[in-house]
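Keep the coordinates open while reading.

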Amino acid sequence: MARKDNPGIYPKADYKSQQTFSPSLDYETVLIKFREDFNKRWESNTVSPETGLEGFDEKATLGAGSFGRVVLVKEKTSIRYFAAKILLKDQIVRTKQVSHVHNEKKVLECIRFPFLIYLEFATKDYDCLYLGLPFINGGELFTYHRKVRKFNEKQARFYAAQVFLGLEYMHNVHLLYRDLKPENILIDNNGYLKITDFGFAKKVETRTMTLCGTPEYLPPEIIQSKPYGTSVDWWSFGVLVFELVAGNSPFSPFSKDVMVMYAKICEGEYKMPAFFSAQLRDLVDHLLQVDLSKRYGNLTNGVKDIKDHAWFKPIDWYGLLNQEIAAPYVPTVANMEDLSNFDKYPEPKPMHKSKTNRHGEVFANF
């Protein structure tokens, strides 16, 4: 958050420094501490200063969507760079996404984990809301994956294990993610992952029924409007693992007709590539289970069924958490303004600035 004496300066977040995980400390104990810390933050509410991006220089557009865009910004008083997500208030209100946006900010404020994006700062002005996030300059996993077409199982396992740990953390603090896909996973300059975009994340103690997600990754229970919990993320995880090695998602052959694809998903009907190892076939088969009483992650042993699976046996979980394992691919990044790992976007025309505070009451607590 901005300091009151100088709204342009944002103190460095105390959780940005690399945390060390010790094998001598039981990971269950670590997860309990994570949950306690998360809950303390969740119970508090910080209102963002109305300073917009006045403390920053805008450098380039990193992405664009229906609510606004993501911009690379540099703090004027330092050499620090951020990815600022700019959300148009009018658009948020028009599309009835107000509670979603408040929720996304709160989730980003409260999560602290090596493989998840978090909130560095939040501000607002008369027209927009701003979420300041770390700038991860290696680009999207989706872009890199599309370039090489498919990963070997060793490389896929390196990435899948980090995603697993991210989901395990989220479920531990009672968050459902609900939007897992390669487009929402970034690669940092060390070749490690950061899961981003928490627009669909929701704190759920038991079950929920909201319809959301990306069609090819939706589990049967969401399509069929059934109450669901963490099982939905483990289905999507199965789709992701399959896609990383196969080069396409299991249900993509039917994607031209969404209703046909939904029928195939609900039947669990897909073809397993012949080149998958026996261990990978077994893991995918247990994740892409329509029957929730058989889906890994949802059984008596919980996530241990996945973490202890034979396919993940080569993984040194503590080495991964401490980022001691050499990444299979390290992005080429010349400097902090090198955007060669991102798609190019045309720079928008300067926006008309309102003279009155748009929807001030609606976003008073943002």
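## Basis

Contact here means heavy atoms within 4.5 Å. Helices (H or I, at least four residues) and strands (E, at least two) are DSSP runs, numbered from the N terminus. The model is predicted: local features need pLDDT of at least 70, side-chain atom pairs count only at pLDDT 80 or more, and totals for chains, interfaces and linings use all residues. Residues are numbered from 1 along each chain as its sequence is written, and side-chain values use heavy atoms, with hydrogens and water left out.

## Helix α5 against α7

Axes are lines fitted to C-alpha atoms, for helices over the stretch in contact, and angles run from 0 to 180 degrees between N-to-C directions. The axes of α5 and α7 lie 9 Å apart, at an angle of about 165 degrees. The two helices are therefore roughly antiparallel. The cut-offs are these: under 35 degrees is roughly parallel, over 145 roughly antiparallel, 65 to 115 roughly perpendicular, and the rest oblique. The crossing of α5 and α7 is right-handed. A crossing is right-handed if the near helix is turned clockwise from the far one by less than a right angle, and left-handed if anticlockwise.

From α5, the contact uses Glu153, Ala156, Tyr159, Ala160, Val163, Phe164, Leu167, Glu168 and His171. From α7, it uses Asp233, Trp234, Phe237, Leu240, Val241, Leu244 and Val245. These residues divide into twelve nonpolar, one polar and three charged. In this count Ala, Val, Leu, Ile, Met, Phe, Trp, Tyr, Cys and Pro are nonpolar, Asp, Glu, Lys and Arg are charged, and the others, Gly among them, are polar.

## Helix α7 against α9

Helix α9 covers residues 278-287. Its axis and that of α7 come within 8 Å and cross at roughly 150 degrees. This crossing is left-handed.

Helix α7 brings Trp234, Trp235, Phe237, Gly238, Val241, Phe242 and Val245. Helix α9 answers with Leu280, Val284 and Leu287. The tally for this contact is nine nonpolar, one polar and no charged.

## Helix α1 against α5

Helix α1 spans residues 27-43, and α5 spans 153-172. Their axes come within 9 Å and cross at roughly 55 degrees. That angle makes α1 oblique to α5. The crossing is right-handed.

Tyr27, Leu31, Phe34, Arg35, Phe38 and Arg41 of α1 make the contact with Leu165, Glu168, Tyr169 and Asn172 of α5. The set divides into six nonpolar, one polar and three charged.

## Nonpolar cores

A nonpolar core is a set of buried Ala, Val, Leu, Ile, Met, Phe, Trp, Tyr and Cys residues joined through side-chain atoms within 4.5 Å. Buried means under 20% relative accessible area, exposed over 50%, and partly exposed in between (1.4 Å probe, protein chains only). The largest core has 92 residues. Which members touch the most others? They are Phe198, Phe237 and Phe312. Apart from this core lies another, of ten residues, including Phe56, Ile86, Phe121 and Cys128.

Setting aside neighbours within four places in sequence, Phe198 is in contact with Glu104, Val107, Leu108, Ile111, Leu116, Ile117, Met170 and Tyr177.

Ser236 sits in α7 (residues 231-246). Its relative accessible area is 6%, so Ser236 is buried. Beyond residues up to four places away in sequence, Ser236 touches Leu180 and Tyr217.

Leu218 lies in the loop between β9 (202-203) and α6 (220-223). At 5% relative accessibility, Leu218 is buried. Outside four places in sequence, Leu218 is in contact with Cys212, Gly213, Ile223, Trp235, Tyr262 and Ile265. Leu218 and Val239 are 21 residues apart along the chain, with C-alpha atoms separated by 9.2 Å.

## Positive phi and an exposed lysine

His174 is not a glycine, but has a positive phi of about 70 degrees. It lies in the loop between α5 and β6 (175-176). His174 is partly exposed, at 27% relative accessibility. His359 also has a positive phi, near 50 degrees. His359 is in the segment after α11 and is partly exposed, at 26%.

Is Lys344 buried or exposed? Its relative accessibility is 82%, so Lys344 counts as exposed. Lys344 is in the segment after α11 (317-321). Lys344 and Phe82 are 262 residues apart in sequence and 18 Å apart in space, C-alpha to C-alpha.
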